[in-house]
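User: Please take me through this model term by term, and set each value against the definition behind it.

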Amino acid sequence: MAGARHRRPADHSLPPHGPGQALTPLQALQGITLNAAWAAGEEHLAGRLAVGHRADLTVLAGNPLEVPDDELAGLPVVLTVVAGRPTHRAAGL
């Protein structure tokens, strides 16, 4: 079997990841913005809010860098913009 000798044996007694492998909130945010744009070769078009860049963004009700990890998924989305046009706007915004 090709590549089989390069695989580590499965040890199901170990967790698949540990605390030392966790990303910080900033690293996670950069991973889906700046780093993703760079990996796609689009750093000159995407990955950050800047003049001349695509205006796709999501605004959350709280700061994702400060919200506890277990509350992040529950943050309400207050605004979504795709191609520079709002596609979702929370009431009162």
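Analyst: The answers below go from the overall fold to the sheet, and then to single residues and the surface. This is a predicted model, in which local features need pLDDT of at least 70 and side-chain atom pairs count only at pLDDT 80 or more, while totals for chains, interfaces and linings use all residues. Residues are numbered from 1 along each chain as its sequence is written, and side-chain values use heavy atoms, with hydrogens and water left out.

User: How many helices and strands does the protein chain have, and what pattern does the chain follow?

Analyst: There are three helices and three strands in the protein chain, where helices (H or I, at least four residues) and strands (E, at least two) are DSSP runs numbered from the N terminus. Read along the sequence, these elements give the pattern α-α-β-α-β-β.

User: What makes the three strands an open sheet, and which are the edge strands?

Analyst: Two strands pair if DSSP finds at least two bridges between them. The three strands form an open sheet in the order β1-β2-β3, with β1 and β3 (85-89) as edge strands, each pairing on one side only. Neighbouring strands of this sheet are turned by 15° against each other on average, direction ignored; the axes behind this angle are lines fitted to C-alpha atoms, for helices over the stretch in contact, and angles run from 0 to 180 degrees between N-to-C directions.

User: Which residues stand opposite R85 and R89 in β3, and what is found in the hairpin of β2 and β3?

Analyst: V82 stands opposite R85, and L79 stands opposite R89. The hairpin has two residues between the strands, and A83 takes a positive phi near 55° there.

User: Why is T80 called buried?

Analyst: T80 has 17% relative accessibility and therefore counts as buried, since buried means under 20% relative accessible area, exposed over 50%, and partly exposed in between (1.4 Å probe, protein chains only). T80 belongs to strand β2 (residues 77-82), where T58 stands opposite T80. With neighbours within four places in sequence left aside, T80 is in contact with L57, T58, R85, P86, T87 and H88, contact meaning heavy atoms within 4.5 Å. In the protein chain, buried residues make up 10% of the 93 residues.

User: Why does A36 count as partly exposed?

Analyst: A36, in helix α2 (residues 34-39), has 35% relative accessibility and so counts as partly exposed. Not counting residues up to four places away in sequence, A36 touches Q30 and G31. The C-alpha atoms of A36 and G47, which are eleven residues apart along the chain, are separated by 7.0 Å.

User: What makes the nonpolar surface patch, and where does L65 lie?

Analyst: The patch, of about 360 Å², is made by L26, L29, I32 and L65. Patches are made of residues with over 30% relative accessible area and no salt bridge, like charges being joined within 9 Å and nonpolar side chains (Val, Leu, Ile, Met, Phe, Trp, Tyr) within 5 Å; a salt bridge is a side-chain nitrogen of Lys or Arg within 4 Å of a carboxyl oxygen of Asp or Glu. Accessible areas come from the Shrake-Rupley method with a 1.4 Å probe, and for residues only the protein chains shown count as cover. L65 lies in the loop between β1 (57-60) and α3 (69-72), and its 39% relative accessibility is why L65 counts as partly exposed.
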